[in-house]
Amino acid sequence: MIREQMLAQIARRTTPWDIIVIGGGATGMGIAVDAATRGFDVLLLEAKDFGKGTSSRSTKLVHGGVRYLEQGNVSLVMEALKERGILRQNAPHLVHDLAFIVPNYSWWEAPFYGIGLKLYDMLAGKYGFGKSRLLSSEETLDRLPTLQKEGLRGGVIYYDGQFDDSRLLIHLAATAADHGAVLANYMPVIGITRDDEGYVNGVMAKDEESGQQYRLPARVVINATGIFTDHVRQMADPQVPAMVEPSQGIHLVFERSFLAGDTAIMVPRTRDGRVMFAIPWHQHTLVGTTDTPIEGPSYEPLPLEEEIAFILDTAAQYLSRPPQRRDVLSVFVGIRPLVKATGAAGKTSSLSRDHTIHVDNSGLLTITGGKWTTYRHMAEDCVDHAITLGRLREEPCATRNLKIHGYRKEVDDQDSLWVYGSDADAIRQIAARDPHLGEPLHPALPYIGAEVVWAVQQEMARTVEDVLARRTRALFLNAKAAHAMALPVARIMAQHLHKDESWITRQVAEVQSLAQQYSLNGESEK
């Protein structure tokens, strides 16, 4: 994935693309993979960086969605559990099993949740990750030694999946490119073009780096922009009613010591009606999430004080060492593109998590909603619709058994480069050629300079934020450390992107300002 080569392919193109995908998140990238592996000519355009929005801000779980059982949405649970199994099969270097415990403090919780999780097992069938069972209080504490002991009656253990969301996204981008798709980040669509009959027949796009504009014809244009869905639809037709009702969720990140061991906690019902998770992730503890209706989308949503207090208060009920505000290493916020439902306004926890495919009168094909776990099925459904809409040749979906780029069956999670899968060997070679690039960029995190070089040369990273937020996860794990890493990362990137000192200064200032938004303690600048 070399951006200059991608732009050259765009410039050389003289015939319409089969499919243009707007949006470089999980949904759009899944569509690019699906369409490219069917043999279609695919162009994907992303306004910012791949995964800048919701797709890098999830709870890091590949799961069926236990709470959807309570809502009676059995079909969504079954679909997600099946896709969970397929994803682990196709990307074992990024998806792994994780044990969860529902702690029981009331007499009725063990039978109630025990039965529900047995149903969860049954729905998973051959795609199951492990059998749920009841635990005694001693067994529960053996697995979760930092759990609140007072009043503990036991627990129910079950198994789901975990992943690194933005790393999977970048590997999906590489998979799409491996199969001939053309991808461009920092290439916003600035207009939708139409033919003489008023039907969408392409887009106008602008390269943010050079300022050059492109008129790009296509047989089908797919809007996969998540929280910005309605903005793109209204670009094609200003009169269309809104489809999406956004809701934000926050996550707080703490030191690993708050959740000793390799088991996660799942609280099935919190005060706002959502599930709360406390999970081990990249040698840290991640706690979330909330569900707060908001007015509109943004690329860098801010946490509300009541959300922060809610997470801290809820976590304190279950952890023997109640986390304090000063313990938060990073806070990140994601926005869900929930599909509007009649009569459900104001209570986003009741809105549909299913995906929706819609064709406007203009002929623009939109897909929105859904969840990370079901991205592959969503893509298959969308490309099937695109074939019909664009009168493309019938080609079967090829992604069910498609190995994701970097596929490596055996992974050592003690190796800090494990998320790269088979690409890790090339990163080690970069470090071997220049030992300085093998040194950690900050003592609090495992990332090395060779990863920065790899991100620039092979993963289309264009800014320091791209590297610290989405190629590595430094900003999401430790805002203070990311603040300190900005300058050394900028210097490495400048060397390989041929940038000057003024670029370095601007990049460092931008990332250090952003890092302060991810910090609750006002210490990221120190």
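Histidine 282 sits in the loop between strand 13 (276–281) and strand 14, helices (H or I, at least four residues) and strands (E, at least two) being DSSP runs numbered from the N terminus. Although it is not a glycine, histidine 282 has a positive phi of about 50°, and with a relative accessible area of 22% it is partly exposed, a class that lies between buried (under 20% relative accessible area) and exposed (over 50%), with a 1.4 Å probe and protein chains only. This is a predicted model, in which local features need pLDDT of at least 70 and side-chain atom pairs count only at pLDDT 80 or more, whereas totals for chains, interfaces and linings use all residues. Residues are numbered from 1 along each chain as its sequence is written, and side-chain values use heavy atoms, with hydrogens and water left out.

**Backbone features in loops**

- The peptide bond from glycine 288 to threonine 289 is cis, with omega near 20°, and threonine 289 belongs to the loop between strand 14 (284–288) and strand 15 (292–293).
- Histidine 498, in the loop between helix 15 and helix 16 (501–517), is not a glycine but has a positive phi of about 60°, and this histidine 498 is exposed, with a relative accessible area of 72%.

**Helix 10**

- The end C-alpha atoms of helix 10 (residues 375–390) are 22 Å apart, which agrees with the 22 Å that its 16 residues should span at 1.5 Å a residue, the expected span being 1.5 Å times one less than the number of residues.
- Buried residues of helix 10 include Tyr375, Arg376, Met378, Cys382 and Ala386, and just after the helix arginine 391 takes a positive phi of about 55°.

**Nonpolar cores**

- In the largest nonpolar core, of 139 residues, Leu45, Leu183, Leu216 and Ile222 touch the most other members; such a core is a set of buried Ala, Val, Leu, Ile, Met, Phe, Trp, Tyr and Cys residues joined through side-chain atoms within 4.5 Å.
- Helix 15 (residues 479–497) gives the largest share of this core, 11 residues.
- Apart from this core lies another, of 28 residues, among them Leu152, Phe254, Phe258 and Ala315.
- Beyond its neighbours within four places in sequence, isoleucine 222 is in contact (heavy atoms within 4.5 Å) with residues including Ile19, Val21, Leu365, Cys382 and Ala386.

- Phenylalanine 112, found in helix 5 (residues 109–124), is exposed, with a relative accessible area of 51%.
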